[in-house]
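Subject: Structure handover and findings

Hello,

Here is the structure for your files.

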Amino acid sequence: MTCRCGAHICWRCMGIFPAQTIYQHMHSAHGTIHDDEPVPQVVHVNDPILQAEQQRELLRQAELQRAAAIHNHNANIAAWQRQQQERERQHEEGRVRERERLQQLERQQEEERVRERERLQQLEQERVRLARARLLQEERARQQREELMRDREIHRQLEQAGWFGEQARQQREERRHQELQQPAIQPAEQETQRAQDEAWGCTIM
C-alpha cells in the first residue's frame with residue numbers, strides 16, 4: 001500500500017518503508033509479496049439474523065484492522081518524523097560547530113594579523129632608531145674631523161710662526177756679530193741701521 005505522503009506500507013505487518021526497500025522487506029520478512037493466507041470462506045445461511053451477526057463481525061474485524069493499520073501508520077510516521085527531527089538536529093549541531101570553528105579560525109587569523117602589525121611596527125621603530133643613531137654618529141664623526149682639521153691648521157700656523165721667528169732671530173744674531181767685527185759707525189748710521197733692524201722680520205696674524 002502507498003500513502004499520499006509517499007511512504008510504502010507493508011499490508012502484512014503495517015510497517016512503513018521507502019519504495020526502495022518495501023519489496024525486499026516483504027520477501028525477507030514474509031516470504032512473498034502476494035496474499036498467501038487462506039481466504040475465509042463465507043458460510044451462506046438463510047438465517048437473516050445470523051447473516052446480520054456475521055456482517056457485523058466482519059465489519060468489526062475490518063474496523064479493528066483499519067484502526068490497527070492507522071495506529072501502526074501513525075506510529076511509523078511519528079518514528080519517521082522523530083528520525084527526521086534527529087537528523088535535522090544533528091545537522092544543525094554540525095552547522096553550529098562549523099560556524100563556531102570558522103569564527104574561532106577568524107579570531108585566530110585576526111590575532112595573527114594584529115601580532116604581525118605589531119611586529120612590523122616594532123621593526124619600523126627599530127629601523128628609525130638605528131637610522132637616527134647612525135645620523136648622530138655620522139654628525140659626531142664629522143664634528144671630530146672638523147675639530148681635527150682645525151687643530152692641524154692651528155698647529156701648522158704655529159709651526160710656520162715659529163719657523164719665521166727662528167729665522168728672524170738668526171738674522172739678528174748674525175747682524176750683531178757683524179757689528180761687533182766692524183768699526184764704529186756714526187750715530188745717524190746707527191739710527192738708520194736700528195730702524196732697519198726693527199723693520200726686519202714677518203708678522204704672523
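Conventions come before the findings. This is a predicted model, in which local features need pLDDT of at least 70 and side-chain atom pairs count only at pLDDT 80 or more, while totals for chains, interfaces and linings use all residues. Residues are numbered from 1 along each chain as its sequence is written, and side-chain values use heavy atoms, with hydrogens and water left out.

Confidence

The protein has a mean pLDDT (the predictor's confidence in each residue, from 0 to 100) of 77. A value of 70 or more is reached by 73% of the residues.

Layout

The protein contains 3 helices and 2 strands. Both are DSSP runs numbered from the N terminus: helices are H or I with at least four residues, strands are E with at least two. Along the sequence the pattern reads β-β-α-α-α. Of the 205 residues, 8% are buried; buried means under 20% relative accessible area, exposed over 50%, and partly exposed in between (1.4 Å probe, protein chains only). The accessible surface comes to about 18000 Å², and carbon and sulfur atoms account for 53% of that. Areas come from the Shrake-Rupley method with a 1.4 Å probe, and for residues only the protein chains shown count as cover. Of the contacts between residues at least 6 apart in sequence, 30% join residues at least 24 apart.

Helix α1

Helix α1 spans residues 22-30, and Ile-22, His-25 and Met-26 are buried in it. Seen down the axis of α1, these buried residues fall within an arc of 95°, so they line one face of the helix. The arc is taken over the directions from the helix axis to the C-beta atoms. What do the buried residues of α1 pack against? They pack against β1 (8-9) and β2 (16-17). The face turned away from the buried side of α1 carries the exposed residues Tyr-23, Gln-24 and Ser-28.

Salt bridges

The structure holds 15 salt bridges, each being a side-chain nitrogen of Lys or Arg within 4 Å of a carboxyl oxygen of Asp or Glu. Three of them, from helix α2, are described here.

- Glu-86 and Arg-89 meet through their side chains at 2.2 Å, N to O. They are 3 residues apart in helix α2, which means a separation of about one helical turn. Glu-86 is partly exposed at 30% relative accessible area, and Arg-89 is partly exposed at 39%.
- Glu-112 and Arg-115 form a salt bridge at 2.6 Å, N to O. This pair is also 3 residues apart in helix α2, about one helical turn. Relative accessibility is 42% for Glu-112, which counts as partly exposed, and 46% for Arg-115, likewise partly exposed.
- Arg-119 and Glu-116 are bridged at 2.5 Å, N to O. Their spacing in helix α2 is 3 residues, or about one helical turn. Arg-119 is partly exposed at 39%, and Glu-116 is partly exposed at 32%.

Salt bridges that share partners join Glu-86, Arg-89, Glu-93 and Arg-97 into one network. As background to the spacing, an α-helix has 3.6 residues a turn, so residues three or four places apart point the same way.

Regards

Technical notes: Contact = heavy atoms within 4.5 Å.
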